[in-house]
Amino acid sequence: MEMEEDEERRRQRKLEEALEVKSLRRIISAYLNYPEAAEEDVRRYEKSFKKLPPAHKALLPHYPSKFQNLRRCISLNSYFIFTMLQAFEPPLDMSQDVDGCKDPHLENFEHGHCHSEERNASSCQSASTSGRMCCSNNAEACPQEKSNIMSNPTTELQEVKSEQQHEPIFGSGAGEVENNNEIAECCSNDVADSNGNAFSSPHDWLDPSLQLNVPLVDVDKVRCIIRNIVRDWAAEGEKERNQCYKPILEELDAQFPNRSKESPPACLVPGAGLGRLALEISCLGFISQGNEFSYYMMICSSFILNHTETTGQWTIYPWIHSNCNSLSDNDQHRPVSIPDIHPASAGITEGFSMCGGDFVEVYNDSSQIGVWDAVVTCFFIDTAHNIIEYIEIISRILKEGGVWINFGPLLYHFADMYGQEDDMSIELSLEDVKKIAFHYGFELEKEQTIETTYTTNPRSMMQNHYHAAFWTMRKKRTTTT
């Protein structure tokens, strides 16, 4: 009987790993399809322009050069993307034949609880800033029991060297890059290294035969990542960061005024995105751990955190993908330099790490009970299928007297998802969210509403604003008699 159960577990693990590979291929393929999808947009613009009557066309003599400038911007964005992908070592054997798997359980697994293309294995990385980085062995820092992938502590990952001290930064991810000819074809002559040489593909898993045709919605996620880079890692995003991150950082600083350098308080940042907030919290003197579910995010944040050599090292063009609400072509085509700070020189606190995986799967673990002094959620709690479960876990993992600082709206991510019978989306009002928090032992200490934007083009004629809820809650201490 035990042998049968062991075999079943091995088979299930193999199936889950195959699904991880398939998921990663799709995400990497989305990145790789960016140049062609963007070029298709330009061809569509050109087609519309050519349909104009000659008299109307004559009023726009600069348009042909505008289209060429768009192509130049696309090629430079693509250069950044391909460089980013080449920096990654995949945590899995990306060459394995997942399409040939005939196990009927695979179909059920893929369309069941593993239906998202952003599903990420639970993996925790703690970077040693003076060498190679490997997955953490510390179960309290990031439980590995739920992980089927990247739980081997010998897995080597890229890291960054700190100029000031030896402490962790981050690393994880996977990638897949096309061969030289396809890269050159997609990105023209701009895709080359500093010596003018075309990209090479040093890894077996870069085989273009592994690339998938993905829907345009996947490529749209890549464009979203480019806008998120501005929010987290560009001077142009400082206004948004001041609206969202600054109040959180000031509140954390006020809540822990006498924190010890020898034993810093521990702060968890679920939904860490591209990692800037988690890094800033580390720089405040906290043992900071970011948790992120999306491989789209993790691939990019790992590259910026671990492979940046100087400020302004890269130039991207984040606003080229929409012709709507532009004040001028120059605004639409303006370059943005990243990053605005050098992560390795930022003054991080020892223990900074990023943990990849679903928040519920990773932190709903007995080893996490009462571990954290603070939990910071920024634009996160509305990503839940079941927000009650999020709140319950946040309460469980906080120490007695620990604080939960939240910032964000309630734009529930799964509110408009249809078609899956077992899909769930619990969409509570702010009033009900607070009632649930009180049920799980929280007391409200501070609350206000702050107006902010999210990955908004500051020069756009259209600005979407949130009236975000910002609160500090404290987990009650158990009274003893």
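Predicted model: local features only at pLDDT ≥ 70, side-chain atom pairs only at ≥ 80, totals over all residues.
Strand E4 spans residues 266-270 and is mostly covered, with five of its five residues counted as buried. In a regular strand the side chains alternate between the two faces of the sheet. Both faces of E4 are covered: on one side lie Ala266, Leu268 and Pro270, on the other Cys267 and Val269, and all of these are buried.

E4 pairs in the parallel sense with E5 (residues 287-292), over five bridges, and it also pairs in the parallel sense with strand E9 (residues 372-378), over two bridges.

**The chain as a whole**

The protein chain contains 14 helices and twelve strands, and buried residues make up 52% of its 481 residues. Among contacts with a separation of 6 or more, 79% are accounted for by residues 24 or more positions apart. The chain exposes about 22200 Å², of which carbon and sulfur atoms supply 48%.

**Aromatic rings**

How many aromatic pairs does the chain hold? The count comes to 19 aromatic pairs. The rings of Tyr63 and Phe67 have their centres 5.5 Å apart and their planes at 80°, and because an angle over 60 degrees counts as edge-to-face, this pair is edge-to-face. Tyr63 and Phe67 are four residues apart in helix H4 (residues 63-86), and they are therefore separated by about one helical turn. Tyr63 is partly exposed, with a relative accessible area of 22%, whereas Phe67, at 4% relative accessibility, counts as buried.

Phe303 and Trp314 form an aromatic pair that is tilted, with 5.6 Å from centre to centre and 50° between the planes. This pair links distant parts of the chain, as Phe303 belongs to helix H10 (residues 295-307) and Trp314 to strand E6 (residues 314-316), eleven residues apart. Both Phe303 and Trp314 are buried.

The two pairs are set out below.

| Ring pair | Centre to centre | Angle between planes | Arrangement |
|---|---|---|---|
| Tyr63 and Phe67 | 5.5 Å | 80° | edge-to-face |
| Phe303 and Trp314 | 5.6 Å | 50° | tilted |

Ring pairs also link Phe379, Phe407, Tyr454, Tyr466 and Phe470 into a cluster. One member of this cluster, Phe379, has a charged residue over its ring: Arg231 lies over the face of Phe379, at 5.3 Å from the ring centre. Elsewhere, the charged end of Lys57 sits over the ring of Phe49, at 5.7 Å from the centre of that ring.

**Gln255 in helix H8**

Gln255 has its place in helix H8, which covers residues 238-255. Is Gln255 buried or exposed? Gln255 has a relative accessibility of 17%, and because buried means under 20%, this residue counts as buried. When residues up to four places away in sequence are not counted, Gln255 touches Val403, Glu445, Thr472 and Arg474.

Terms used:
Residues numbered from 1 in each chain as written. Heavy atoms only, no water. Buried < 20%, exposed > 50% of the residue type's maximum accessible area, 1.4 Å probe, protein only. Contact = heavy atoms within 4.5 Å. Areas by Shrake-Rupley, 256 points an atom, 1.4 Å probe, with all protein chains shown as cover. Pairing = 2+ DSSP bridges. Phe/Tyr/Trp six-rings, centres within 6.5 Å; stacked < 30°, edge-to-face > 60°. Lys NZ or Arg CZ within 6 Å of the ring centre and 35° of its normal.
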